[in-house]
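This report is an introduction to reading a protein model. Please keep the sequence and the three-dimensional view at hand while reading.

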Amino acid sequence: MAFFFVPAVVPAFAIALLTLTPTGAALAGGSNYGVLPGALPQIGGQIREWAVPTPRFARDPAPGPDGNIYIAVMNGNRIARFEPASERFTEWELPAGARPHGLVVDEAGMVWYTGNGNGTIGRLDPKSGKVTEYRVPGGGDPHTIVLDAAGKLWFTVQGGQRVGRLDRASGRIDEFPMSGNPYGLAIDRQGVVWVCRLGADALGWIDPASGRSGELPTGRGSAPRRIAAGPDGSLWVAYYGNGRLARVDPQARRIVKTWELPKAGGERPYAVTADAAGRVWVNGIDTDTVSVFDPAREEFRVVALPSQNVGIRKAIIDAAGRYWYMGSHNGRLGVVQ
């Protein structure tokens, strides 16, 4: 597969942010993206943005163990990599029709992506550019993908109403039925897989150890879309349907509490992630803002982004605690630091 280098030619933007101080030291509970998230001592630096070389519905960034950020360029049928040190992009073309939706980078630096367009899970070796495809037995539209503690990959098949598990060693894919248009997913400390059932106003769960599964209703009109694991073991869920943020106790399998997101940042909340200090970052798809929630104080701070019509669908915290987002609407990769 072809790959090439593209320099970042668009000037970066910088704005001042509100200062937040963590309430105490905490270890990351696991991001399910192969890299443990860190935490900034305070959020008071800059926001910078770069135009991606192929801005064709670029989305869903993921951190790599090399400190670089990898991006799924869905409509451009490519994977992009951004190197923060050099501010340089590299892109790799994927097999025709792959249309990558989500991705995760493993400990060896291999990029695993969901082939939303051709019913596969792909593996890209950035060093050689070689792509290996694993066909999902039931076909469909693989969506979001995460990595569990045992090194297995879990992914949703939204239209196919299934959840899949890929064993990287053997290439075997197992599938589990999951109705309600399964969307985002995360894995708790016990290894239980939690899935946002966007169309069913519920979370689904699968316990690989026992083989059991079940659901946790989230309330009529909630439409849970994305979910993230926090450092204390809690799970955080963005309710796309009614603009709320929910905290879930996965061991008790109950919703602890929900909070209404700020009007300036909470309409149609989409992406959610947590840093090592326990702060929860969530954004509305239309608001061009990011809301940072402090669970100890139960307070939100809203950070305005420098661009308009951003359209964040996925965001992550890297090992240094920086918040990386990808604007699927405006084709800009951004970082809050």
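## Basis of the model

This is a predicted model, in which local features need pLDDT of at least 70 and side-chain atom pairs count only at pLDDT 80 or more, while totals for chains, interfaces and linings use all residues. Residues are numbered from 1 along each chain as its sequence is written, and side-chain values use heavy atoms, with hydrogens and water left out.

## Strands and hairpins

Strands of a sheet pair through backbone hydrogen bonds, in either a parallel or an antiparallel manner. Strands (E, at least two residues) are DSSP runs numbered from the N terminus, and two strands pair if DSSP finds at least two bridges between them. Strand E9 (residues 120-124) and strand E10 (residues 131-135) pair in the antiparallel sense, with five bridges. Within this pairing, Gly122 has Glu133 of E10 as its bridge partner. E9 and E10 form a hairpin with six residues between them, and Gly129 in the turn has a positive phi of about 80°.

E13 and E14 also run antiparallel and are joined by five bridges. Leu166 has Ile173 of E14 as its bridge partner. The hairpin of E13 and E14 has six residues between the strands, and Gly171 takes a positive phi near 80° there.

## A sheet of four strands

Which strands make up the open sheet of four, and in what order? The order is E15-E16-E17-E18, and the pairing is antiparallel. Strand E15 (182-187) and strand E18 (213-217) are the edge strands, each of which pairs on one side only. On average, neighbouring strands of this sheet are turned by 25° against each other, direction ignored; the angles are taken between axes, which are lines fitted to C-alpha atoms, and run from 0 to 180 degrees between N-to-C directions.

Inside this sheet, strand E16 (residues 193-197) and strand E17 (residues 202-206) pair in the antiparallel sense over five bridges. Trp194 has Trp205 of E17 as its bridge partner.

## Salt bridges

Side chains of opposite charge can pair when their charged atoms come close. A salt bridge is defined as a side-chain nitrogen of Lys or Arg within 4 Å of a carboxyl oxygen of Asp or Glu. A search of the whole structure finds 20 salt bridges. One of them joins Arg168 to Asp106, with the closest N and O atoms 2.9 Å apart. Arg168 lies in the loop between strand E13 (162-166) and strand E14 (173-177), and Asp106 in the loop between strand E7 (100-105) and strand E8 (111-115), so the pair ties together parts that are 62 residues apart in sequence. Arg168 also forms a salt bridge with Glu107, where the closest N and O atoms are 3.3 Å apart. This pair likewise links distant parts of the chain, with Glu107 in the loop between E7 and E8 and Arg168 in the loop between E13 and E14, 61 residues apart.

Asp106 is buried at 4%, Arg168 is partly exposed at 22%, and Glu107 is exposed at 55%. A further salt bridge joins Asp294 and Arg297, whose closest N and O atoms are 2.7 Å apart. Asp294 is buried at 13%, whereas Arg297 is partly exposed at 47%.

## Two positive phi angles

Most residues other than glycine have a negative phi. Gln161, which is not a glycine, has a positive phi of about 55°. Gln161 lies in the loop between strand E12 (153-157) and E13 and is partly exposed, at 27% relative accessibility.

Asp288 also has a positive phi, near 60°. Asp288 is placed in the loop between strand E24 (280-284) and strand E25 (289-294), and its relative accessibility of 17% counts as buried.

Conventions:
Buried < 20%, exposed > 50% of the residue type's maximum accessible area, 1.4 Å probe, protein only.
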